[in-house]
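Open the model in your viewer and keep the selection tool ready. This tour goes stop by stop, telling you what to select and what is there.

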Amino acid sequence: MAKPATENFKGDQVIVKDFSLNVPFTLIKEKIGNVPFNLEIQYQGCTKLGLCYAPTSKTFKFPKIDNIK
């Protein structure tokens, strides 16, 4: 899967449209092992006029990798 395209906006690299993020469970298992884990994503949205929403985060909780099909 290709990285989302970015553009320069007032010195920041931004993604202008919706995007998805795929993290292979094989990579997670390689990095942390076969244990329950939380994955926290932090993000912030802004308008083209420069008004930005407060930074926010979302946490996803996962059981052991072996339990995921």
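A residue is called buried under 20% relative accessible area, exposed over 50%, and partly exposed in between. Keep those cut-offs in mind, and remember that this is a predicted model.

**Stop 1: strand E3**

Select Ile41. This residue sits in strand E3. Its relative accessible area is 27%, so Ile41 is partly exposed. Ile41 and Leu27 are 14 residues apart along the chain, and their C-alpha atoms are separated by 16 Å.

**Stop 2: the loop between E2 and H1**

Move to the loop that runs between strand E2 (12-14) and helix H1 (25-32).

- With a relative accessible area of 34%, Ile15 is partly exposed. Select Ala5 as well: Ile15 and Ala5 are ten residues apart along the chain, with 6.5 Å between their C-alpha atoms.
- Ser20 is also placed in the loop between E2 and H1. Its relative accessible area is 48%, so Ser20 is partly exposed.

**Stop 3: a nonpolar patch**

Which residues form a nonpolar patch on the surface? Select Ile15, Phe19, Leu21, Val23 and Leu27. Together they have about 440 Å² of accessible area. Show them as a surface to see the patch.

**Stop 4: the largest pocket**

Rolling a probe the size of a water molecule over the atoms shows where empty space is left. Here the largest pocket has a volume of about 920 Å³. Its lining is made of 31 residues. To find the centre, select Ile15, Lys17, Phe19, Tyr43 and Gln44, the lining residues closest to it.

Next, colour by element. Strand E1 (7-9), E2, H1, strand E3 (37-43) and strand E4 (56-62) each give two or more residues to the lining of the largest pocket. Which element gives the largest share? The answer is E3, with four residues.

Then colour the lining by class. Of its residues, 16 are nonpolar, eight are polar and seven are charged.

**Stop 5: the loop between E3 and E4**

Select Gly45. This residue is in the loop between E3 and E4. At 28% relative accessibility, Gly45 is partly exposed, because that value falls between the cut-offs of 20% and 50%. Gly45 and Lys61 are 16 residues apart along the chain, and 23 Å separates their C-alpha atoms.

**Stop 6: a salt bridge**

Side chains of opposite charge can pair when their charged atoms come close. How many salt bridges does the structure hold? It holds one. Select Lys31 and Glu30, the two partners. Their closest N and O atoms are 4.0 Å apart. Both Lys31 and Glu30 are exposed.

**Last look**

Return to Ile15. This residue is part of the nonpolar patch. Ile15 is also among the lining residues closest to the centre of the largest pocket.

Definitions and conventions. Residues are numbered from 1 along each chain as its sequence is written. This is a predicted model: local features need pLDDT of at least 70, side-chain atom pairs count only at pLDDT 80 or more; totals for chains, interfaces and linings use all residues. Side-chain values use heavy atoms; hydrogens and water are left out. Patches are made of residues with over 30% relative accessible area and no salt bridge: like charges are joined within 9 Å, nonpolar side chains (Val, Leu, Ile, Met, Phe, Trp, Tyr) within 5 Å. Accessible areas come from the Shrake-Rupley method with a 1.4 Å probe; for residues, only the protein chains shown count as cover. A salt bridge is a side-chain nitrogen of Lys or Arg within 4 Å of a carboxyl oxygen of Asp or Glu. On a 1 Å grid over the protein atoms alone, a cavity is a set of points where a 1.4 Å probe fits but cannot get out, and a pocket is an open set with protein on both sides within 12 Å along at least five of seven lines; lining residues have an atom within 4 Å of a point. Grid points are joined across faces, edges and corners, and a volume is the space filled by probe spheres set on the points. Ala, Val, Leu, Ile, Met, Phe, Trp, Tyr, Cys and Pro count as nonpolar, Asp, Glu, Lys and Arg as charged, and the others, Gly among them, as polar. Buried means under 20% relative accessible area, exposed over 50%, partly exposed in between (1.4 Å probe, protein chains only).
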